[in-house]
Amino acid sequence: MNTNLDTDRTLIAAIKNGDKNAYKKIYLTHYQDLCAYINGYSNDVQTAEDIVQNVLLKFWEQRHDIEIHTSLKGFLFKSTYYAYIDSYKKKKRINEKLETIRFTILNDMLEDDNDLKQRRLLALRHAIDELPKRCKEIFVLSKFEGLKYKEIAEQLDISINTVESQIGKAFKVLRKKMFNNNYLNLFVSFFTEFKLTTYFKIKTPQVK
């Protein structure tokens, strides 16, 4: 007889009857392991904790409809994994939309004064040069070399999440620097139908 499964059945039955002590036991037993499991994918402790907490909360809220045909642990790990995948896809869609907006704004706001454009682009180059080394490297590969997140991750042997995080960090730093220099309207797009670096004939910044 499988003692663990019997214990699972007892706990699940208790939870379906609204037993908060049974839920607390499940929460305390699996919380840390689930967080460590998701952190292995996300490389972000806060993200992992948020996902696990949401899964365990949903487990309680939907307790009357729960149907588990494997172990309770297996059910929770699988539920948490799917929650992570959904969160990752949603975050990716949001990041892609934000980048599209950022790119569009620059194309709409660039002025006709070529000398002004040159100065603003130079300011942007300087801001990029001041990014942390790895952040700059990832940003340049994405925005100047045109590599996809997956390609950058494979080339640098890092996770796609790390690529997204570093590009987001670069955008945040550059927006602040360009705003402080009154050059925010340059910070939007490196690519429209052609590269701005080619249009302005300014050499693409190199990673040191």
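Predicted model: local features only at pLDDT ≥ 70, side-chain atom pairs only at ≥ 80, totals over all residues.
Start with confidence. The protein has an average pLDDT of 76, and 69% of the residues reach at least 70. Helix H3 has the highest confidence, with a mean of 92. Helix H9, residues 196–199, has the lowest, with a mean of 38. Two stretches call for caution. Residues 1–5 have a pLDDT below 50, and the model gives this stretch 3 contacts beyond near neighbours in sequence. Residues 182–208 also stay under 50. For that segment the model has 77 contacts beyond four places in sequence.

Now the interior. In soluble globular proteins, nonpolar side chains tend to be buried together. Here the largest nonpolar core holds 25 residues. The members that touch the most others are Ile15, Ile26, Val52, Leu56, Phe59, Leu72 and Leu76. Four helices each supply at least two residues of this core: H1 (3–16), H2 (20–42), H3 (45–61) and H4 (72–109). Take Leu76 as a way in. Leaving aside residues up to four places away in sequence, Leu76 touches Ile26, His30, Leu34, Leu56 and Phe59. A separate second core has 21 residues, including Ile128, Phe139, Leu147 and Tyr149.

Last, the largest pocket. Its space comes to about 340 Å³. The lining consists of 16 residues, and Asn54, Val55, Lys58, Ser79 and Ala83 lie nearest the centre. H3 and H4 are the elements that give two or more residues to this lining.

Conventions. Residues numbered from 1 in each chain as written. Heavy atoms only, no water. Core = buried A, V, L, I, M, F, W, Y, C linked by side-chain atoms within 4.5 Å. Buried < 20%, exposed > 50% of the residue type's maximum accessible area, 1.4 Å probe, protein only. Contact = heavy atoms within 4.5 Å. pLDDT = per-residue confidence, 0-100. 1 Å grid on protein atoms, 1.4 Å probe; cavity = no way out; pocket = protein on both sides within 12 Å on 5 of 7 lines; lining within 4 Å. Points joined across faces, edges and corners; volume = space filled by probe spheres on them.
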